[in-house]
Amino acid sequence: MTLRASQHDGTHPRPTLMREDWASLDGPWAFAHDDEDQGLAGRWYETGHEDAFARTIEVPFVPESEASGIHDTAFHPVVWYRRTFEGAAEPGRRLLLHLGAVDHEAHVWVDGRLAGHHVGGQTAFTCDVTDLLEPGTEHTLVVRAFDDPHDVELPRGKQDWREEPHGIWYHRSTGIWRSVWLETVGAQHVTGFHWDFDMPRARVDVSLRLAQRPAPGTTVRLTLSAGEEQLGGLEIAAHDTRVQGTVDVPAVRNTQDRPRLLWSPEHPTLIDVTLEVLEGGEVVDAAASYLGLRTTGIDRGHFLLNGEPYFVRSVLEQGYWPTSHLTAPTLAAYREEVELIKQLGFTAARIHQKVEDPRFLFWADRLGLLIWGETANAYAYSPRAATALITEWTEIVEQVRPHPSVVTWVPMNESWGVRDLADAAPQKELTLALTAITKALDPSRPVISNDGYELTGGDVIALHDYTTDAPVLAARYADEQAVARLLESRGPLGRRPIDDAAHPLTAGAPVMVTEFGGIAYAAEGTWGYAVVSSPEEFEQKVAGLFAALNASPVLAGHCYTQLTDTLQEANGLATADRKPKLDPAVIRAFVTGEAERDA
């Protein structure tokens, strides 16, 4: 295989496991709202019901968005999609249908037969449609999505429960909102690939999943390369659907030379991976992936990248566009978003209340941007809500962890869905369970148990502080004694920074202000933690807040709210159409602290 995953053009919907034989199904589909929920009883998934699909939608944009061609933001809990595609079953091959994300519950039919069912609006799922295809080359694909706009127990992030957005809440995202695509594979093929870099031992631990139990004599072959330089490889026998092994990387043993191979925002070196499955010595599956030789950790109040303290300069990224909402308007926009974040001086982005498209994460991997991996939270607690979040979060970690840019997990934000955790044991236990589950699934990355306040465990003391008075902000984080007083208080937002049961967290945990700022400079009627009326006032206010936190000898990082204006939440450093509100060089100077050093 000549495909180099690290160097592809950013169009493949699954960059960490690529094959050449795939086709996008994005584009125009027939569409229908089903407010009376008649489609299932009426068997709209069968031939003969084409008239029910009276409108056309542009997939993968949600019907609430202008880009979809529907642009209807009213409450519509049930939506249907229909299109035809070309394909045929090939001997010894399987045809897979991939759906990048459908919010919230999806049923999928091919040629009138049920192909799959999935619950969870943030994760991808796959249907093997090979055995469902009717004779011929043209086939019919139908998707039904159900997303109750009033169900506050489901993970929904910033999707408003009111019909019109208010405060910090945005339009709802119903149905398909990531790419739909087809892929042809061998009957035996790799379905998942994970890796962990062991820097002291100069090796990469790899784990692959196979589609079915391997036949006797099946092997998996894997090679690592950096450009034309072969770094290592292995071929191991496959005895189960999970295949694990270790690849020695001798070039890393030279500690004076290894920085050229390590991944970081400053030097985002990606290592290409080729994956092959062999049966009887014959290659039956070939795929391409990539990885980054990097480690993360915490020690003595520092966040560590590749074993060294690394100060995190992050920005809150809502990932919302005016015409296309949670989906970027073009594939090029994902790269442009990462480039804008880096241009403004940030080394990291905290993806807020959503899971980003894998192609955004690819550009973070490729261009060098640390990512805080978060998800959408619910607004109410119940056993059902806990189950929904845990189930979806487990899938998220599994799907997102191959990206080297993702360096920290954030399963909960500001006690959303567990607002009474200080007085309700089940809610507190949910945050503890999420932290434990995350560490069980991926012990290689730090976990923040509840970003903002009421931390119940985890690895980082992540605080939200929206004071807009720079001297007050500077005093709160001026030294270790000031931070200790803050942690013992009710906190900047009136809630305990650390839950009483989690005081061991403070031993050596890095302290970060993972939300601050929120200064709005825009038209009347917009929302922000403070509103200013001129570019000069905006620059002075924002620069002062950055200077206050950059001066702290205690903090290990900070995250500014936010990158762009989003609807009425106009507190971005850039407008909704991604135009910086000040000269990017000026913003970069106070983000990085250069402004204070040059003063």
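H7 gives the most to the lining of the second largest pocket, with 5 residues. A pocket, on a 1 Å grid over the protein atoms alone, is an open set of points where a 1.4 Å probe fits, with protein on both sides within 12 Å along at least five of seven lines; lining residues have an atom within 4 Å of a point.

Before you click on: this is a predicted model, so local features need pLDDT of at least 70 and side-chain atom pairs pLDDT 80 or more, while totals for chains, interfaces and linings use all residues. Numbering runs from 1 along each chain as its sequence is written, and side-chain values use heavy atoms, with hydrogens and water left out.

The volume is about 390 Å³ (the space filled by probe spheres set on the grid points, which are joined across faces, edges and corners).

**Next, the largest pocket.** Pick Arg 14, Ala 124, Thr 126, Thr 191 and Gln 399, which lie nearest its centre among 41 lining residues. The space here is about 870 Å³. Colour strand S13 (190-198) too; S13 gives the most to this lining, with 5 residues.

**Now the salt bridges.** There are 38 of them, each a side-chain nitrogen of Lys or Arg within 4 Å of a carboxyl oxygen of Asp or Glu. Zoom to Arg 19 and Glu 183, whose closest N and O atoms are 3.1 Å apart. Arg 19 sits in the segment before strand S1 (22-24) and Glu 183 in strand S12 (residues 180-186), 164 residues apart. Arg 19 is buried at 5% relative accessibility (buried is under 20% relative accessible area, exposed over 50%, partly exposed in between, with a 1.4 Å probe and protein chains only). Glu 183 is buried as well, at 0%.

Jump to Arg 578 and Glu 337, with closest N and O atoms 2.9 Å apart. Arg 578 is in the loop between strand S31 (557-561) and helix H9 (584-592) and Glu 337 is in helix H2 (residues 332-343), so this pair ties together parts 241 residues apart in sequence. Arg 578 is buried at 14%, and Glu 337 is buried at 2%.

Conventions
Helices (H or I, at least four residues) and strands (E, at least two) are DSSP runs, numbered from the N terminus.
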